[in-house]
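Welcome, and thanks for taking a look at this one. Below is a short briefing to read alongside the sequence and the coordinates.

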Amino acid sequence: MGFDYHHFIELIPDINLAFMQTVYMITISLIVAVLIGLPIGILLFVTDKGLFLENRWFKNGLGFVVNLVRSIPFIILLVALLPLTDWIVGSTIGPTAASVSLSVAAIPFFARIVETALREIDKGVIEAAIAAGATPWMIVKDVLLLEAKSGIISGVTLTLVSLIGFSAMAGTVGGGGIGDLAIRFGYYRYDNTIMIATVVILIILVQIIQLAGDFIAKVVDKR
Amino acid sequence: MIKIRNLSKIYKTKKGLVKGVDDVSLTIQKGEIYGIVGYSGAGKSSLLRCINLLERPTSGQIKVDGTDLTSLKGEDLRLARLKIGMIFQHFYLISQKTVFDNIAFSLKAANVPANRIKGRVEELLEMVGLADKKDVYPSQLSGGQKQRVGIARALANNPKVLLCDEATSALDPTTTKSILSLLKKINKELHITIVLITHEMNVVKEICNRMAIMQSGKVIEEGAVYDIFANPQTELTNEFIESVVSFEIPEVILNGCTGPIVKVIFKGKIASEGIISDMLQQFNVSGNFLHGSIEYIQEIPLGIFIMELKGEKEEIEGSLQFIEGRAAQVEVIRGGL
């Protein structure tokens, strides 16, 4: 059974809906991941040894929590977080519900990427800012975020692509999305048309995100 | 201006405790350009970084303009740092900010109102000679230009002290010269006390008034640059001086000498007076110059000549006494009298 063009045309509304669901889920999760993950990443960095807000206990504690969440397989996290999802969204099914787990998984992922991007900054630049009498907030805003801007944008790209992968499992909670469509129709029902169509869409989506991300990261970099 | 008292900085390493700075006491006067010289690992960088508490000393005290910095923390320390500028070997400019914004950053740290920032940045750029590079990013500048931006940034808040951490070590000789003359100009016109560390003795010779030589965390020699050049007390200091003023004489030449070889050092104005020719006229000796030069340190001549003297023993002794009598220094370096 190959690719059936007529079958594909028939399925366009379904694919379209799934596509929009994917975009919806990863957009929400990405926004939450950036809003919460970015500050966590910065905190992980500035509380590290030798930095201006050095605090071993805080750093180790936060690091532990981040690792904890990251070590749980996403499919298990998805189920384990059902009570939290119910509490936040008021429901445990649908794309919005899936966004909760996706966000929880993406926050520590993005936080570690931010931390790594900040580590790339020459310590001397931070030291020069301290010597100039800059406040910690100025250092975060004008030195850390600015100098790591390009790396953080690459991190956003990486997080987005990973989220697309994770979102395929959203079907477990009836979350929908392209990945879910591929698994339920393409894989379980041996519907090759939909399998090929969804995989191609995912390939194109990932390629576009990666190219756009790389482009932006390069354009904003003044080095 | 800067008083360092019994300063020690101990580092914990895998091999145990290492004394980066070992019980150093120094006083740096207002308006002075003070050089700290030493090989890498001598502790000069740690010492400099202790002055603005980029590194907190393990023990000892640092007073800058009467304020005991070692007693300050947090916000008070930050405000004190506004009055201590610092420049670095690798410049450390914010690569994602333009030249203008890099300098404005310092002003923002001091809460300078936004409407006064533009004028002040332009004034600073004018002073360091980069008025046309205002909107350029650091990656488009040469090393010397980057250091000029560093200097403008360091001077933004009218500091009383400027710390220079190997500020010219990454620059070529011509650029080094231009940066040094800029530092000299800043020192003269703005009366800013400058402390610099370097391993290049010619930097010290060029602009410093006083200097210290460090080895294994300790200051082993300290004083006016001129005096140290004229009369080094330690082997290490000699080594540093020889890196800029070398008086090595080939072995073959030395072996060919029969009379005693003396080193005559003239200090100050007398270096230009004809003492040697007077001596050769008054005494029955002949002199054979082997080496020599007149160095200008802070525009004061320091003459060092190495010569072989030939003649009767009494005449040679008399001639040496004559030179010493004329306020010069004589050292017999080979062949007794």
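What percentage of the 223 residues of chain A count as buried? The figure is 40%. Please keep in mind that this is a predicted model.

**Chain A overall**

- Along the principal axes, the C-alpha atoms of chain A fill a box of roughly 70 × 40 × 25 Å.
- Among the contacts in chain A with a separation of 6 or more, 73% join residues 24 or more positions apart.

**Annotated spans in chain A**

- An unreviewed UniProt entry gives the feature "transmembrane region" for residues 23-46, 58-81, 87-111, 151-174 and 194-217 of chain A.
- One of these spans, residues 23-46 of chain A, is 100% helix and 0% strand in the model, with 33 Å between its end C-alpha atoms.
- Another, residues 87-111 of chain A, is 80% helix and 0% strand, and its end C-alpha atoms lie 24 Å apart.

**Where the two chains meet**

- The contact between the chains involves 22 residues of chain B and 19 residues of chain A.
- On the chain B side, helix H2 (74-81), strand S6 (84-88) and helix H3 (99-109) each supply at least two of the residues that touch chain A.
- H3(B) gives the most to this side, with four residues.
- Sorted by class, the side of chain B that touches chain A holds 11 nonpolar, six polar and five charged residues.

**Helix H6 of chain B**

- H6(B) covers residues 173-190, which makes 18 residues. From first C-alpha to last, H6(B) reaches 25 Å, close to the 26 Å expected at 1.5 Å a residue.
- The buried residues of H6(B) are Thr176(B), Ile179(B), Leu180(B), Leu183(B) and Ile186(B). Viewed down the axis of H6(B), these buried residues fall within an arc of 115 degrees, so they line one face of the helix.
- The general rule behind such a pattern is that an α-helix has 3.6 residues a turn, so residues three or four places apart point the same way.
- What do the buried residues of H6(B) pack against? Their partners are helix H5 (143-155), strand S8 (193-198) and helix H7 (201-207) of chain B.
- Turned away from the buried side of H6(B) is a face with the exposed residues Thr174(B), Ser181(B), Lys185(B), Lys188(B) and Glu189(B).
- Just after H6(B) comes His191(B), with a positive phi of about 55 degrees.

**An open sheet in chain B**

- Four strands of chain B make an open sheet in the order S2-S1-S4-S5, with antiparallel pairing.
- Strand S2 (16-28) and strand S5 (67-68) of chain B are the edge strands, and each pairs on one side only.
- Strand S4 (residues 59-64) of chain B pairs with S5(B) in the antiparallel sense over two bridges. Here Val64(B) stands opposite Thr67(B) in S5(B).

**A proline in a loop of chain B**

- Pro113(B) sits in the loop between H3 and helix H4 (114-128) of chain B.
- Is Pro113(B) buried or exposed? Pro113(B) is exposed, because 7 other C-beta atoms lie within 10 Å, and the cut-off for an exposed residue is 12 or fewer.
- Pro113(B) lies 107 residues from Ile220(B) in sequence, and the two are 46 Å apart in space, C-alpha to C-alpha.

Note on methods
Residues are numbered from 1 along each chain as its sequence is written. Chains are lettered from A and ligands numbered from 1 in the order in which they are written. This is a predicted model: local features need pLDDT of at least 70, side-chain atom pairs count only at pLDDT 80 or more; totals for chains, interfaces and linings use all residues. The expected span of a helix is 1.5 Å times one less than its number of residues. A residue is buried if 20 or more other C-beta atoms lie within 10 Å of its own, exposed if 12 or fewer, and partly exposed in between; C-beta atoms are placed from the backbone. The arc is that of the directions from the helix axis to the C-beta atoms. Two residues are in contact if their C-beta atoms, placed from the backbone, lie within 7 Å. UniProt positions are given in the numbering used here, feature names are shortened, and annotations may be inferred rather than shown by experiment. Ala, Val, Leu, Ile, Met, Phe, Trp, Tyr, Cys and Pro count as nonpolar, Asp, Glu, Lys and Arg as charged, and the others, Gly among them, as polar. Two strands pair if DSSP finds at least two bridges between them.
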